[in-house]
Amino acid sequence: MTNPSTPPLSGAPLLEVQGLGIRFGGLHAVRDVTAQLQPGRITAIIGPNGAGKSTFFNLISGFYKPTSGRIIFRGEDITPLRTHLVVGRGIARTFQTTTIYQELSVLDNAMIGHRVRTRAGLLDALLRTGRERHDESESRAGAMRALERVGLAGQAALPAGALNQEGKKRVGIAMALASDPHLLLLDEPAAGMNPEETENLMGLIRQLVSGGLSIALVEHKMNLVMGLADDILVLHHGQKIAQGTPAQITRDPAVVEAYLGSHAHGGQMGQEQEQGGQPGTVQDAGVDHA
Ligand SMILES: Nc1ncnc2c1ncn2[C@@H]1O[C@H](COP(=O)(O)OP(=O)(O)O)[C@@H](O)[C@H]1O
Ligand SMILES: [Mg+2]
């Protein structure tokens, strides 16, 4: 299952979190997580619904500030940095539900991605302030490069609303790639996709990584996780309960317990990949999913 371009395990990690945690009132959404992400790899973050996966991404990308711990990216402590500075350091993300402007062109969407993720805010991007006009050609070039990377250069002039579901997902990824990140965070990239679209998305992710990008993703579809990830980090009730290769994780008793728990109705994680319906999701393993 190792990615063909996986570099040897040497040198410093790309990202390191140390004792990372955040509380929302009495709820410890992420608690004392210490983990490393290696460069040039695909790391999957999995765990039952509500485990803290999206919150983990929100912490790494600077959307939330941790109540404990540190985030080290490429050797720099980025814990105090605001979102746009984190983007500037090379971390970009997609959202669980990416907002795409249906009536705007694919290129304009990617350009908005570039602007929102670099210097100016969404309002600036939409109102086209002076600074925005000044940045226009740079944004356009960055957005075009991103569209090429996701295979949408030929559709740049189409309204985004004219694309199918898979195309819209690619636009969302291009919006994140427009800032030319080192690390791309994908939150449930295959949500709402059929098996063929999921396969295509996996091909795209592999292609991006072989081009030098590092990717961390949250995903419920176990066939995608097991077929793609070099490394899997498992969260449960906000805590890290395991980290390892797909083979190690499927055998890990704490992971099996977390997924099956008291809802167990048969089948271990990763063994339900080829079934029909909603194939290979953790919901199949009896986990509630809002
Ligand atoms: N901004 C917030 N305020 C309060 N609670 C939150 C907030 N964000 C997430 N949570 C809570 O933190 C827990 C983890 O949520 P989340 O990270 O979205 O889980 P996952 O992505 O693993 O399904 C949940 O109980 C959720 O309700
Ligand atoms: Mg989530």
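Predicted model: local features only at pLDDT ≥ 70, side-chain atom pairs only at ≥ 80, totals over all residues.
Guide: Welcome! Local features here need pLDDT of at least 70, side-chain atom pairs count only at pLDDT 80 or more, and totals for chains, interfaces and linings use all residues. Residues are numbered from 1 along each chain as its sequence is written, while chains are lettered from A and ligands numbered from 1 in the order in which they are written.

Visitor: Why is helix α1 called largely enclosed?

Guide: Buried means that 20 or more other C-beta atoms, placed from the backbone, lie within 10 Å of a residue's own. Eight of the eight residues of α1 (53-60) are buried, so the rest of the structure largely encloses this helix. Among them are F56, F57 and L59. Helices are DSSP runs of H or I with at least four residues, and strands are runs of E with at least two.

Visitor: What makes β6 and β10 edge strands?

Guide: Strands pair if DSSP finds at least two bridges between them. The open, mixed sheet has the order β6-β7-β8-β3-β9-β10, and β6 (91-93) and β10 (239-244) each pair on one side only.

Visitor: How do you know that β7 and β8 pair?

Guide: Five bridges join β7 (183-187) to β8 (214-218), and the definition asks for at least two; therefore they pair. L184 stands opposite I215 in β8.

Visitor: What makes K53 part of the shell around ligand 1?

Guide: A residue is near a molecule if its C-beta atom, placed from the backbone, lies within 6 Å of it. K53 is one of the residues surrounding ligand 1, as are G52 and S54. Helix α1 gives the most to this shell, with three residues.

Terms used. Buried ≥ 20, exposed ≤ 12 C-beta atoms within 10 Å, placed from the backbone.
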